[in-house]
Amino acid sequence: MEGSELWTILAWVLFWAVLIGAATLLLLRLLRGASVLAQICLVVVATVAVLVAGMVSAFNAMFISARDLEVMWYILAMASAVAVALALVLGAGVSRNAARLVDAARRIGRGETLEHSAPGGKRAAPAMTSELAELAQELEASSRSLAESRDREAAIETARRELVSWISHDLRTPLASMRAMAEALEDGMASDVPGYYRKIIGQTEQMTAMVNDLLELSKIQAGTLHLRAEALDLYDLVSDALSDLAPLAAKRGIRLDGGGDRECMAVADGPSVARAVRNILLNAIIYSRPETEVHVSVGRENGSAVIAVQDHCGGIPEEDLPRLFETGWQKDPSRGAQGSLQGSYSGAGIGLSMVAGIVKAHGGSVTVGNVDGGCRFALKLPAGSFPGPSLPTASPRPGPQGSTETNKGLGGTS
């Protein structure tokens, strides 16, 4: 074959390739909304058409015999049929997998959780290309994440309803008592007028503490609680809290004992940390058995500043430990605060959840565990940098400020 004939053949092949390729691209653009199967078949047919056009151009240029030309046509026909068949098989598989992914997306939209694992841990999903398999895995992961989010949302909504119900009960009780005493005073039926006034003031203080707790909790959960970083000596902060709560502890026959590092510095928001410490100490006094001891220690552990409170509440059931820091949860269904605690304890069941939120806002953690005769709460705060100005979602509640010294413990539930 001469060089000019070869160039002629290549020119014709290039011409048909460009022409058929342009037509195929135009058709693909028009059929961009069609199925993957149709598009794959169109590409394969276009490829076969380019091949046939090129071969015909070569046959005409080479002037081969009719018999040879007939054989070549048979070969091209067979090759084309096999190519189209393979394209149909491939396209059908891709279409089925795409349909499965579409169905999976619909199921996620309906709130279902995708589970494609067969018994024994083996995957039951059909074989897919790497891209489609990755997409399927992402859909499954998204499905699990959405299911977890729905569970968390349901739990939060349940806790919210319970909290509203409990708060309504806790507010209704002192309001009813105050109304009865006010009516008795108005009718002149009160034999101890100063005593009635003191009781009304006590009920008012209790309701004020409850409202303040709710306001602080709403800030924490909304992420609008602003914290100011400052250098704090946790030993002094705990000492102040112990001094503040010593009269209440004495009324209940609780001994407050403390110890630890004389200088235990942390970078934190003083008022917020004081509230958290005071809540833990107050909880310990409330739930510890009379004539027992609440011990508080301040120190360092793995680079963190730790305030530990150990009481003698008798221990907490293991099944209740995970719920201690839930907003509004209380083990005691009566939820009534003792008379000696009125004005200092709201009884709303959000004290420990507020502690958790405040500590979390500082980038720390709070843990609880049973020890001999009681339980131990540990507040861990970063000893160095302060994470940020606003508090993440959590359930906390502040009590009045407290400070340090060493002791205190926390009792059973919040």
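1. Asp311 sits in the loop that runs between β5 (304-310) and α8 (351-361). The model is a predicted one, and the contacts of this side chain should be read as computed from it.

2. Asp311 is buried but has no salt bridge. The nearest side chain of opposite charge belongs to Arg289, 7.9 Å away.

3. What the side chain of Asp311 does reach is backbone. The backbone nitrogen of Cys313 is at 3.3 Å from the Asp311 side chain. A polar atom of that side chain also lies 3.0 Å from the backbone nitrogen of Cys375.

4. The largest nonpolar core contains 54 residues. Leu234, Val277, Leu281 and Leu379 have the most contacts inside this core. Helix α7 (residues 270-287) supplies the largest share of the core, with ten residues.

5. Another core, of eight residues, lies apart from the largest one. Leu101, Leu114, Ala136 and Leu139 are among its members.

6. On the surface, a nonpolar patch is formed by Leu26, Leu27, Leu30 and Leu31. Together these four leucines have about 380 Å² of accessible area.

Definitions and conventions
Residues are numbered from 1 along each chain as its sequence is written. This is a predicted model: local features need pLDDT of at least 70, side-chain atom pairs count only at pLDDT 80 or more; totals for chains, interfaces and linings use all residues. Side-chain values use heavy atoms; hydrogens and water are left out. Patches are made of residues with over 30% relative accessible area and no salt bridge: like charges are joined within 9 Å, nonpolar side chains (Val, Leu, Ile, Met, Phe, Trp, Tyr) within 5 Å. Accessible areas come from the Shrake-Rupley method with a 1.4 Å probe; for residues, only the protein chains shown count as cover. Helices (H or I, at least four residues) and strands (E, at least two) are DSSP runs, numbered from the N terminus. Buried means under 20% relative accessible area, exposed over 50%, partly exposed in between (1.4 Å probe, protein chains only). Lys and Arg count as positive and Asp and Glu as negative; His and the chain ends are not counted. A polar contact is a pair of N or O atoms within 3.5 Å; within protein, one must be able to donate a hydrogen and the other to accept it, and residues adjacent in sequence count only if both atoms are side-chain atoms. A nonpolar core is a set of buried Ala, Val, Leu, Ile, Met, Phe, Trp, Tyr and Cys residues joined through side-chain atoms within 4.5 Å.
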